[in-house]
Amino acid sequence: MGQLEGKTALITGATRGIGHAMAKLFASEGADVAFVYRNSDDLAASVEDELKACGVRAKAFKSDVQDFQQVQTTVGEVVKEFGRIDILVNNAGITCDGLLLRMGEQQWDEVIDTNLKSAFNFVKACAPVMMRQRSGNILSVASVVGIHGNAGQANYAASKAGLVGFTKSVAKELASRGIRANVIAPGFVVTEMTAKVDPSVVEGWCAGIPMKRGADVDEIARAALFLVSDQSSYITGHVLDVDGGMGM
């Protein structure tokens, strides 16, 4: 029996990278999976089929995570389809890097709205559902950049630091209702995006990591599984670094 048997997970940004790895692992552990995407219909359909092959229910929902009303509607559709939401993973995120003095307002707003406002939108919509159930689990995907900062990523760092403060506040507000809220903070993760970076640049990044390598997406997903499963039943308001020692 899987660790998430009988639970329904809602994951934002699950068609690629870390979110995709989480969706696959959660499904393999018995969770029904609803996931939100914004653009590629074909890719979403492919992921949906992949998850269903694990023997669970799965469905893709097209929605703009920045849009408060759209998210309310989407969460309503998820509840109508699955009957409940036990796990919410706020994973949707983008980067739009640039030094502060060259960063435009649009670069700032786009990253904050996608990475941070989206988490507010989904928690706001899912919290009443979880409160009625007297149980629920919220996981937000931040970054070591949100803890330590990074030159050229003021917008991204602010959005991820905001996730930490937001989630800790949510954890305090909802703990008495049987709802836990935690954060996972990955370091450098090897994804499709980093595969396009010059290998010498990646080597330089890895040289600064005590473990001398980036994380595989499955390593992040396994840490996430711990935080959303009953294995971590007495943990809330916590930030788990999964960074190969970068934060030491």
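This report describes selected local features of a predicted model.

## Basis

The model is predicted, so local features need pLDDT of at least 70 and side-chain atom pairs count only at pLDDT 80 or more, while totals for chains, interfaces and linings use all residues. Residues are numbered from 1 along each chain as its sequence is written, and side-chain values use heavy atoms, with hydrogens and water left out.

## Helix α3

Helix α3 covers residues 68-82; helices here are DSSP runs of H or I with at least four residues, strands are runs of E with at least two, and both are numbered from the N terminus. The 15 residues of α3 reach 21 Å from the first C-alpha to the last, close to the 21 Å expected at 1.5 Å a residue. The expected span is 1.5 Å times one less than the number of residues.

Val71, Thr74, Val75, Val78 and Phe82 are the buried residues of α3, where buried means under 20% relative accessible area, exposed over 50% and partly exposed in between (1.4 Å probe, protein chains only). Seen down the axis of α3, these buried residues fall within an arc of 100°, so they line one face of the helix; the arc is that of the directions from the helix axis to the C-beta atoms. Gln69 and Lys80, on the other side of α3, are exposed. The cover over the buried residues includes β1 (8-12), β2 (32-37), β3 (58-62) and α4 (105-133).

At the start of α3, a side-chain oxygen of Asp67 comes to within 3.1 Å of the backbone nitrogen of Gln69. Gly83 follows α3 and has a positive phi, near 90°.

## Strands β1 and β2

β1 and β2 run parallel and are joined by five bridges; two strands pair if DSSP finds at least two bridges between them. Thr8 stands opposite Asp32 in β2.

Six of the six residues of β2 are buried. Asp32, Ala34 and Val36 point one way from the strand, and Val33, Phe35 and Tyr37 point the other way. In a regular strand the side chains alternate between the two faces of the sheet.

## Buried polar residues

Asn90 lies in strand β4 (residues 87-90) and is buried, at 5% relative accessibility. Its side chain makes a polar contact with the side chain of Ser140 at 3.2 Å. A polar contact is a pair of N or O atoms within 3.5 Å; within protein, one must be able to donate a hydrogen and the other to accept it, and residues adjacent in sequence count only if both atoms are side-chain atoms. Not counting residues up to four places away in sequence, Asn90 touches several residues, including Thr12, Phe122 and Ile138, where contact means heavy atoms within 4.5 Å.

Ser143 sits in the loop between β5 (136-141) and α5 (144-148). Ser143 is buried, at 6% relative accessibility. A polar atom of its side chain lies 3.0 Å from the backbone nitrogen of Val145. Leaving out residues up to four places away in sequence, Ser143 touches Tyr156, Lys160, Ile184, Ala185 and Pro186.

## Aromatic pairs

Rings of Phe, Tyr and Trp (its six-membered ring) pair if their centres lie within 6.5 Å; planes under 30 degrees apart count as stacked, over 60 as edge-to-face and the rest as tilted. The count by this rule is two aromatic pairs. The ring centres of Phe188 and Trp205 are 5.1 Å apart and their planes stand at 70°, so this pair is edge-to-face. Phe188 is in the loop between β6 (179-186) and β7 (189-190) and Trp205 is in helix α7 (residues 199-207), so the pair ties together parts 17 residues apart in sequence. Phe188 is buried, with a relative accessible area of 14%, whereas Trp205 is partly exposed at 41% relative accessibility.
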